[in-house]
Amino acid sequence: MVRVTTSDRRFVLRAGAGLVAGGAFAAACSPSTSTSGAATRHAPASPAKASPGPDSAAPASPAKASPGPDSAAPASPATASPGPDSAAPASPTRAPKAPARPLVAPAPRAFPRQPAQISHGPRGRSRVALTFHGQGEPSIARALLGEAERHGARVTVLAVGSWLDEHPDLARRILDGGHDLGNHTQRHLDINAMPAAEAAAEITGCAERLRRLTGSIGTWFRPSRATRASPLVETLARRAGYPHVLSYDVDSLDFTSPGAAAVARNILGEIRDGSVVSLHFGYADTVAALPAVLDELDRRGLRAVTTTELIG
């Protein structure tokens with residue numbers, strides 16, 4: 001065995017020096033050793049392959065040279081290789097990624113004291129419902145939802161099924177904001193003019209998409225291209241699981257693009273306790289008018305709530 005003297009400790013043995021499994025040094029020096037007997041330094045070994053010295057009390061840090069045979073300097077615990085008798089450290093485990101939180105949307109409710117078609121809530125409470133026909137450019141929808149939330153308002157969105165097909169993430173966005181989400185037919189056609197089978201398909205088609213996305217058919221049904229449902233559509237909606245059809249008593253006429261000031265006047269000139277207001281996603285005038293409308297509602301002491309809160 002080659003013994004290493006105190007003076008030899010100034011030199012650091014690199015991976016090319018070759019350590020044997022029993023802990024002794026190789027019987028002969030590296031061929032690159034000089035004739036004077038001084039060890040010539042070699043290129044550093046890969047930290048993952050360096051073995052500890054035979055008498056080393058702790059493995060060396062892979063970022064530094066291996067210690068001499070009598071070295072007791074402790075290695076960095078985070079990166080050192082274990083000694084021959086050391087138990088291998090447990091490999092750190094990464095926490096599994098949490099699955100997306102499933103949506104749990106409210107189901108439709110029956111309100112025994114309310115008619116089959118609801119156009120407003122109780123007149124004796126300082127509450128109103130802002131309801132939006134859900135269709136159009138998603139960025140406008142997000143802007144309207146964000147503006148309502150900044151004012152502490154909650155709204156009701158009656159979504160078109162084909163719009164949800166194109167933008168399914170908006171179902172979660174609406175519900176995560178604390179808003180109501182309901183059914184505004186599958187294709188937004190004139191449902192009152194349709195034969196029974198086609199009208200039923202329009203209602204159930206949107207209901208199925210809502211159920212797939214949220215676990216519920218939505219809290220409300222509103223007929224497309226009509227203020228009120230025909231008797232046939234009212235019956236079909238009830239069969240699909242909606243005890244009530246949601247109408248309104250204030251029309252903003254924002255879909256005519258009359259300008260933000262006109263939209264605000266249309267709403268504020270008619271709104272009162274219990275009102276249900278018809279608005280639309282997809283129109284820039286609505287985005288521009290909403291801050292002034294919400295500010296004036298606050299001034300009048302009218303709280304904007306979901307339709308479920310208004311009626312309940």
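Colleague: Which residues of H4 are buried?

Modeller: The buried residues of H4 are Ala-199, Glu-202, Ile-203, Gly-205, Cys-206, Ala-207, Leu-210 and Thr-214. Keep in mind that this is a predicted model. A residue counts as buried when its relative accessible area is under 20%.

Colleague: What do the buried residues of H4 pack against?

Modeller: Their partners are strand E3 (156-159), helix H2 (161-166), helix H3 (169-176), strand E4 (180-183) and H5.

Colleague: How does H7 do on the length test, and where does H7 bend?

Modeller: H7 covers residues 284-300, which is 17 residues. From first C-alpha to last, H7 reaches 25 Å, close to the expected 24 Å. The bend is about 35° and sits at Leu-290, with a proline, Pro-291, following within four residues. After the helix comes Gly-301, whose phi is positive, near 75°.

Colleague: Which residues of H7 are buried, and what covers them?

Modeller: The buried set is Asp-285, Thr-286, Ala-289, Leu-290, Val-293, Leu-294, Glu-296 and Leu-297.

Colleague: Is Glu-147 buried or exposed?

Modeller: Buried, because its relative accessibility is 16%, and the cut-off is under 20%.

Colleague: Where does Ile-311 sit, and which residues does Ile-311 touch?

Modeller: Ile-311 is in helix H8, residues 307-311. Ile-311 is buried, at 6% relative accessibility. Its contacts beyond four places in sequence are Phe-111, Gln-114, Ile-118, His-120, Gly-121, Pro-122, Arg-125 and Trp-220. Gln-114 is 197 residues away along the chain, and its C-alpha is 8.3 Å from that of Ile-311.

Colleague: What share of the contacts in the chain comes from residues 24 or more positions apart?

Modeller: They account for 76% of the contacts with a separation of 6 or more. The chain has 8 helices and 8 strands, and buried residues make up 39% of its 312 residues.

Colleague: Now the loops. Where is Ser-224, and what does its side chain contact?

Modeller: Ser-224 is in the loop between helix H4 (196-214) and helix H5 (231-240). Its relative accessible area is 0%, so Ser-224 is buried. The side chain makes a polar contact with the side chain of Thr-185, at 3.2 Å. Ser-224 touches His-184, Thr-185, His-188, Leu-189, Asp-190 and Ile-191, again leaving out residues up to four places away in sequence.

Colleague: How should I read the phi of His-188?

Modeller: Most residues other than glycine have a negative phi. His-188 has a positive phi of about 60° and is not a glycine. His-188 lies in the loop between E4 and H4 and is buried, at 14% relative accessibility. Leu-253 also has a positive phi without being a glycine, about 55°. Leu-253 lies in the loop between strand E6 (250-251) and H6. At 36% relative accessibility, Leu-253 counts as partly exposed.

Colleague: How many cavities of 30 Å³ or more are there, and which residues line the largest cavity?

Modeller: There is 1 cavity of 30 Å³ or more. The volume of the largest cavity is about 30 Å³. Its lining is Ala-116, Glu-234, Ala-237, Arg-238, Tyr-242, Pro-243, His-244 and Val-245. H5 gives the most to that lining, with 3 residues.

Conventions. Residues are numbered from 1 along each chain as its sequence is written. This is a predicted model: local features need pLDDT of at least 70, side-chain atom pairs count only at pLDDT 80 or more; totals for chains, interfaces and linings use all residues. Side-chain values use heavy atoms; hydrogens and water are left out. Buried means under 20% relative accessible area, exposed over 50%, partly exposed in between (1.4 Å probe, protein chains only). Helices (H or I, at least four residues) and strands (E, at least two) are DSSP runs, numbered from the N terminus. The expected span of a helix is 1.5 Å times one less than its number of residues. The bend at a residue is the angle between axes fitted to the seven residues ending there and the seven starting there. A polar contact is a pair of N or O atoms within 3.5 Å; within protein, one must be able to donate a hydrogen and the other to accept it, and residues adjacent in sequence count only if both atoms are side-chain atoms. Contact means heavy atoms within 4.5 Å. On a 1 Å grid over the protein atoms alone, a cavity is a set of points where a 1.4 Å probe fits but cannot get out, and a pocket is an open set with protein on both sides within 12 Å along at least five of seven lines; lining residues have an atom within 4 Å of a point. Grid points are joined across faces, edges and corners, and a volume is the space filled by probe spheres set on the points.
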